[in-house]
Amino acid sequence: MKDFFEGLGKYIGETATTVGNKAGEVIETQKLKSQVRSLAHENTVDLLELGRGVYEQYKNGAALDEKAEGLCEAISSREESIAEFEEKISAIRGAGKCPNCGKTVAKEMVFCPYCGEKMPAVTVDDEDVFADYEEFAGEEAEKTVATAEAEKSAAAEDEHLADETEDIKLREEDASLFEEEAVKGEAARSQEAAEEEA
């Protein structure tokens with residue numbers, strides 16, 4: 001009987017060690033994944049800065065390779081569209097753009113508060129504004145849905161990893177409690193055996 005409990009105690013100890021090692025591996029993996037995400041984010045920021053630098057060179061007339069030039073042309077086209085949409089948004093709000101400095105000025109302003117230029121009267125073609133707005137809103141909604149799905153996926157992965165870590169901790173606690181109970185039981189049986197012998 002004594003051999004059984006010694007074997008059981010040894011098995012429980014080995015199991016607790018294994019569970020502890022697994023928990024340590026999960027925690028270390030999480031730390032490493034966090035570092036990977038951090039480095040990937042830094043790369044994204046640097047790539048954005050690199051892209052801005054290349055785009056500035058394009059705007060200044062520098063010669064670029066075919067791929068970079070194509071991307072820069074696409075960016076330039078989107079910037080023009082953005083400017084048009086912003087003008088239409090300003091028109092909907094009744095604001096205008098200063099012809100001198102280019103800043104947005106509220107509709108009730110007769111003169112630009114930034115440069116003092118007299119502001120022209122603002123007119124709006126409602127059909128064009130609303131047609132463009134619907135197109136713009138649809139594109140923005142698609143971007144928002146894609147971003148939300150990506151964030152949901154990342155949150156689910158983080159939650160899954162947190163659940164795994166919690167499960168390992170619980171198993172480790174259970175193994176530890178089981179080992180304590182086995183040791184207490186063995187101690188009680190040893191004491192009973194000693195009392196019977198006496």
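The predictor's confidence in each residue is given as pLDDT, on a scale from 0 to 100. The model described here is predicted; local features need pLDDT of at least 70, side-chain atom pairs count only at pLDDT 80 or more, and totals for chains, interfaces and linings use all residues. Residues are numbered from 1 along each chain as its sequence is written, and side-chain values use heavy atoms, with hydrogens and water left out.

The protein has an average pLDDT of 80. At least 70 is reached by 90% of the residues. Confidence is highest in helix α2 (residues 66-93), with a mean of 87, and lowest in α3, with a mean of 72. Where pLDDT is low, the predicted coordinates should not be read in detail.

The protein contains three helices and two strands. Both kinds of element are DSSP runs, numbered from the N terminus: helices are H or I with at least four residues, strands are E with at least two. Read from the N terminus, the order is α-α-β-β-α. Of the 198 residues, 15% are buried. Buried means under 20% relative accessible area, exposed means over 50%, and partly exposed lies in between (1.4 Å probe, protein chains only). The areas come from the Shrake-Rupley method, and for residues only the protein chains shown count as cover.

Side chains of opposite charge can pair when their charged atoms come close. A salt bridge is counted when a side-chain nitrogen of Lys or Arg lies within 4 Å of a carboxyl oxygen of Asp or Glu. The count is two salt bridges. One joins Arg-52 to Glu-49, at 2.8 Å from N to O. Both residues belong to helix α1 (residues 2-59) and sit three residues apart, about one turn of the helix. Arg-52 is partly exposed at 47% relative accessibility, and Glu-49 is partly exposed at 47%. The other bridge joins Lys-59 to Glu-56, at 3.5 Å from N to O. Lys-59 and Glu-56 are also three residues apart in helix α1, so about one helical turn separates them. Lys-59 is partly exposed at 48%, and Glu-56 is partly exposed at 38%.

A negative surface patch is made up of Glu-159, Asp-163, Glu-164, Glu-166, Asp-167, Glu-173 and Asp-174. Patch residues have over 30% relative accessible area and no salt bridge, and like charges are joined within 9 Å. Asp and Glu count as negative. The charge is placed at CG of Asp or CD of Glu. Glu-159 lies in helix α3 (residues 126-197). Glu-159 is exposed, with a relative accessible area of 53%.

Technical notes: Patches are made of residues with over 30% relative accessible area and no salt bridge: like charges are joined within 9 Å, nonpolar side chains (Val, Leu, Ile, Met, Phe, Trp, Tyr) within 5 Å. Accessible areas come from the Shrake-Rupley method with a 1.4 Å probe; for residues, only the protein chains shown count as cover.
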